[in-house]
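Colleague: I have a model open and would like to learn how to read it. Could you take me through some features one by one?

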Amino acid sequence: MFESQPTKQDLINKLENVLKGNMSREQFNQWSYKWVQNLESRNMLSSDEDQLHEYLIFLLCIDLEIEPNIYFHEDIELKEWIKKITLGVPLT
């Protein structure tokens with residue numbers, strides 16, 4: 001099945017789905033990792049693709065657990081990341 005390259009809005013939608021409980025953090029990580037690999041396999045990226053690649057790499061940490069079902073990055077951080085991605089600001 002063909003899946004088109006995600007946009008910043010797709011990324012935001014996926015993060016919102018994680019916050020709503022419609023997608024697990026692990027599922028987000030797998031989806032993100034697939035696109036990191038895809039983008040890294042290319043010879044050249046546009047500036048939008050490069051920014052998307054940076055976001056996806058940063059967001060690979062979304063499923064880091066400090067205890068079972070206790071995540072290193074809490075929902076409040078995900079909400080902040082959504083704001084930053086919306087504004088096109090680097091994640092830190």
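Colleague: Is L45 buried, partly exposed or exposed?

Modeller: Buried means under 20% relative accessible area, exposed over 50%, and partly exposed in between, with a 1.4 Å probe and protein chains only. L45 has a relative accessible area of 27%, so L45 is partly exposed. This is a predicted model, in which local features need pLDDT of at least 70 and side-chain atom pairs count only at pLDDT 80 or more, while totals for chains, interfaces and linings use all residues. Residues are numbered from 1 along each chain as its sequence is written, and side-chain values use heavy atoms, with hydrogens and water left out.

Colleague: Where does L45 lie, and what is L45 in contact with?

Modeller: Helices (H or I, at least four residues) and strands (E, at least two) are DSSP runs, numbered from the N terminus. L45 sits in the loop between α2 and α3. Contact means heavy atoms within 4.5 Å. Leaving aside neighbours within four places in sequence, L45 contacts L39, D50 and H53.

Colleague: Is S32 buried or exposed?

Modeller: S32 has a relative accessible area of 0%, so S32 is buried. The residue belongs to helix α2. With neighbours within four places in sequence left aside, S32 is in contact with L56 and L60.

Colleague: How do I read the packing of α2 and α3, and at what angle do their axes cross?

Modeller: Axes are lines fitted to C-alpha atoms, for helices over the stretch in contact, and angles run from 0 to 180 degrees between N-to-C directions. The axes of α2 (residues 25–40) and α3 (residues 47–59) come within 9 Å and cross at roughly 140°. Angles under 35 degrees count as roughly parallel, over 145 as roughly antiparallel, 65 to 115 as roughly perpendicular and the rest as oblique. α2 is therefore oblique to α3.

Colleague: Is the crossing of α2 and α3 left-handed or right-handed?

Modeller: A crossing is left-handed if the near helix is turned anticlockwise from the far one by less than a right angle, and right-handed if clockwise. α2 passes α3 in a left-handed crossing. On the α2 side the contact is made by F28, W31, S32, W35, V36, L39 and E40, and on the α3 side by E49, L52, H53, L56, I57 and L59. For residue classes, Ala, Val, Leu, Ile, Met, Phe, Trp, Tyr, Cys and Pro count as nonpolar, Asp, Glu, Lys and Arg as charged, and the others, Gly among them, as polar. This contact has nine nonpolar, two polar and two charged residues.

Colleague: How do α1 and α2 pack?

Modeller: Their axes are 9 Å apart, at an angle of about 160°. That makes α1 roughly antiparallel to α2. The crossing of α1 and α2 is right-handed. L11, K14, L15 and V18 of α1 meet R25, F28 and W31 of α2. By class, the contact has five nonpolar, no polar and two charged residues.

Colleague: At what angle do the axes of α1 and α3 cross?

Modeller: They cross at roughly 20° and come within 10 Å. α1 is therefore roughly parallel to α3. This crossing is left-handed.

Colleague: Which residues of the largest nonpolar core touch the most other members?

Modeller: In soluble globular proteins, nonpolar side chains tend to be buried together. A nonpolar core is a set of buried Ala, Val, Leu, Ile, Met, Phe, Trp, Tyr and Cys residues joined through side-chain atoms within 4.5 Å. The largest one here has 21 residues, and L11, L15, F28, W31, L56, L59 and I85 touch the most other members. α1 (8–20), α2, α3 and α4 (75–87) each supply at least two residues, and α2 gives the most, with five. L15 touches F28, L59, I62, I82 and I85, not counting residues up to four places away in sequence.

Colleague: What is the phi of N69?

Modeller: Most residues other than glycine have a negative phi. N69 is not a glycine, yet has a positive phi of about 65°. N69 is found in the loop between β1 (65–67) and β2, and counts as exposed at 62% relative accessibility.
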